[in-house]
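Keep the sequence and the 3D view open while reading.

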Amino acid sequence: MKILAPLKAADEVVPLCEAGAGEFYCGVAPPGWEEAFGSASVHRRSARAAGVPGLHDLDRIVAHAQGRPVFATLNAPSYPAGAVPRLVEFGRALVEHHGVAALIVAEMELMLALCEAGLAARVHVSSLATCRNPGAGAFFRGLGVSRVILPRHMTLAEIETTAIPGLEWEAFLMNDGCAFEEGTCSTTHAFKPYCIDDTVGHAQGKLDERYAFWKWTLNNCGCQTSRGYTLGPCGLCALPRLECAGIDSLKVVGREAPLDRKVASVRLAAIALGVAERGASRESIRDAVVAERGAPELCENAHLCYYPDVWSDALPRQREARPATPRAAAAKRRIVPIRAVPAESRDAVRGDPC
Amino acid sequence: MDYGLRLTSPSEVPSDPRAACPDGWRDLLPEGRTVALYFGSEFCEDRLPDPAEAKAWCEAAHDRGVEATLATPLVSPEGLRSVERLLDGLAVAGLRPAVVFNDWGVLGLLRERHASLPRRAGRLMNRSLRDPRAYRDAPGGTATHDTGRHVRLRALLRTLGVGAIETDADLEGGYLGERDDGGAVRLDRTLHFPFTYAASGRGCPLKAALYPEGGGFAQAFADPCPAPCRGRPLPVQRPDTALPHWRAGNTLFYEPPREAMRSWLPRADRIVVHAMAAP
């Protein structure tokens, strides 16, 4: 598995490589985009705050990456009329003349246009396309794309089922959660994230506090760090299961973050991946992460977990409630199986955790 | 105008479809007839009906001479199996609803296992911008209704045997296309009314309330839910928009300005009237 690092400038490449990045992604806008399409987003983030300034900078990024793949995000959920032909032309230029390995695409219209233009093999399906089951995976595989990025809101068990052969698979690993599924949030951060002011509704009191706490963890604990490490959503303890599920690429989020935060995130991911590759258990990975990052209390109740079902045997269970429907009455709690290995036998599986 | 009705119970079908619409919206709607009864869920797999409930809706539709239309959401692998079991059960009972899909996996299931069921592309297939805050400076909306958008997607849906596309009012327009832009293979154009979805996800706060403190949200994505949201959308106040908002389980809906909604009506062949916001 490779660590996929975010970028917005050429001088970030070498420090991120040294920290352990194996792939990069960045946003870049076509020349003249703003004049033609105003404030419409090309790549889901502010072009100024998170984007590569221009194609010359992109060329330098590709050169500094020294063969490590660089992917470009054309991942707005929708584009204005007239934008798709322009983006196809731009996407072709990126892969054929600027060394970009693949284009990360969310909008179906653009995806279909790129496939039509013979670029399907250079398309990665964005997490915003919400590929959440093997049938959806088969659909995208049928388009001829090369990789699917899984959305955030999936369990490990679901990933294991969804990651079918014939595609590369990418999963979220660190930072920047979403209260809503990003692909089914039809709002824009241009007005500030919609979820920030969201409440449960109608004076829910304690529940609103719990909702606010969850959103705070998703927002990197209020954008805090510990020893320089972002205190954000994290899937490091799940690395062995992600490996077994067939995940190829591990996404570190945060194109717009300062370089030191990006480097710290990649470094922490590399430490955990190294531990995992030696056959360590989830507990050993967690201990290694906490030893480096600190803030052990945030790991105690799986508050920061991208994939909390890695600890499914320790999570709070649903209270017994009066079912609202006959179907609900018949519903049995679905226990997510965890491939936990007893402590005494962990050494036996080293080198072959799958 | 043709109408689909999204009601809370199959026993409440009004003679005039506009009567199912919340107060304050009915006068915008043209005369028309009810052609379909919608049931199921567009947004939450835990709200998919059990076989008995689905059968009741199908029979109610049959009794009224209208099409039963099962809405399905984005689904997990287990949700995909649930949809499959549900459709298998209905087929055994001789019931053949139209199916609204919001997931490519569900479309694949329909094509492979239930090819005779009419297929309708649901509103989550349209990922255009719907941010309610954009109406602060543009109460009429910003939709250009340029039908040059999504041409390839509509062509793909036609080739995959889809007979209709559905959406709610977004800020860009054009998704539904022209009435006859596919030539002989027409896509029926359907508008959901009057609630537009703003955001949806699996971290449902109402589901989280079923767990002790520290549980729920991401820790409960795969757990089944007894649907405490059923029949009870909650009004939500926001500091950044005056548009009425509703939390319906895992999804936030809002009511767009009337001017914006009015611009969508001539572009639809069918209006799905929602009695209340529901996931």
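**Confidence**

This is a predicted model. The ipTM is 0.97 and the pTM is 0.93. Chain B has an average pLDDT of 96. In that chain, 100% of the residues score at least 70.

**Where chain A touches chain B**

On the chain A side, 63 residues are in contact with 66 residues of chain B. Five helices of chain A each give two or more residues to this side: helix 6, helix 7 (134-143), helix 8 (156-162), helix 9 (206-218) and helix 15 (326-330). Helix 7 of chain A gives the most, with five residues. By class, the chain A side holds 32 nonpolar, 18 polar and 13 charged residues.

**Helix packing**

Two packed helices are described by the angle between their axes and the distance between the axes.

| Helix pair | Angle between axes | Distance between axes |
|---|---|---|
| Helix 5 (83-97) and helix 6 (108-116), chain A | roughly 50° | within 10 Å |
| Helix 6, chain A and helix 4 (151-159), chain B | about 80° | 8 Å |
| Helix 1 (51-64) and helix 2 (77-92), chain B | about 50° | 10 Å |

Start inside chain A. The axes of helix 5 and helix 6 of chain A cross at roughly 50°, so these helices are oblique to each other. Their crossing is right-handed. Helix 5 of chain A brings A:Val84, A:Leu87, A:Val88 and A:Gly91 to the contact. Helix 6 of chain A brings A:Glu109, A:Leu110, A:Ala113 and A:Leu114. The contact counts six nonpolar residues, one polar and one charged.

From helix 6 of chain A come A:Met108, A:Glu109, A:Leu112 and A:Ala113. They meet B:Arg152, B:Leu153 and B:Leu156 in helix 4 of chain B. This contact has five nonpolar residues, two charged and no polar ones.

Now turn to chain B. Helix 1 and helix 2 of chain B pack at about 50° and are therefore oblique to each other. The crossing is right-handed. B:Pro51, B:Ala54 and B:Cys58 come from helix 1 of chain B. B:Leu86, B:Gly89 and B:Leu90 come from helix 2 of chain B. Five residues in this contact are nonpolar, one is polar and none is charged.

**Local backbone features**

How many residues does helix 12 of chain A have? Helix 12 (259-277) of chain A has 19 residues. From its first C-alpha to its last, helix 12 of chain A reaches 26 Å, close to the 27 Å expected at 1.5 Å a residue. Just after this helix, A:Gly279 takes a positive phi of about 90°.

A:Ala302 has a positive phi too, near 60°, and is a residue other than glycine. A:Ala302 sits in the loop between helix 14 (297-300) and helix 15 of chain A.

Which residues of chain B does a cis peptide bond join? The bond joins B:Phe193 and B:Pro194, with omega about 0°. B:Pro194 lies in the loop between strand 7 (188-193) and strand 8 (196-200) of chain B.

Methods
Residues are numbered from 1 along each chain as its sequence is written. Chains are lettered from A and ligands numbered from 1 in the order in which they are written. This is a predicted model: local features need pLDDT of at least 70, side-chain atom pairs count only at pLDDT 80 or more; totals for chains, interfaces and linings use all residues. Axes are lines fitted to C-alpha atoms, for helices over the stretch in contact, and angles run from 0 to 180 degrees between N-to-C directions. Helices (H or I, at least four residues) and strands (E, at least two) are DSSP runs, numbered from the N terminus. Angles under 35 degrees count as roughly parallel, over 145 as roughly antiparallel, 65 to 115 as roughly perpendicular and the rest as oblique. A crossing is left-handed if the near helix is turned anticlockwise from the far one by less than a right angle, and right-handed if clockwise. Two residues are in contact if their C-beta atoms, placed from the backbone, lie within 7 Å. Ala, Val, Leu, Ile, Met, Phe, Trp, Tyr, Cys and Pro count as nonpolar, Asp, Glu, Lys and Arg as charged, and the others, Gly among them, as polar. pLDDT is the predictor's confidence in each residue, from 0 to 100. The expected span of a helix is 1.5 Å times one less than its number of residues.
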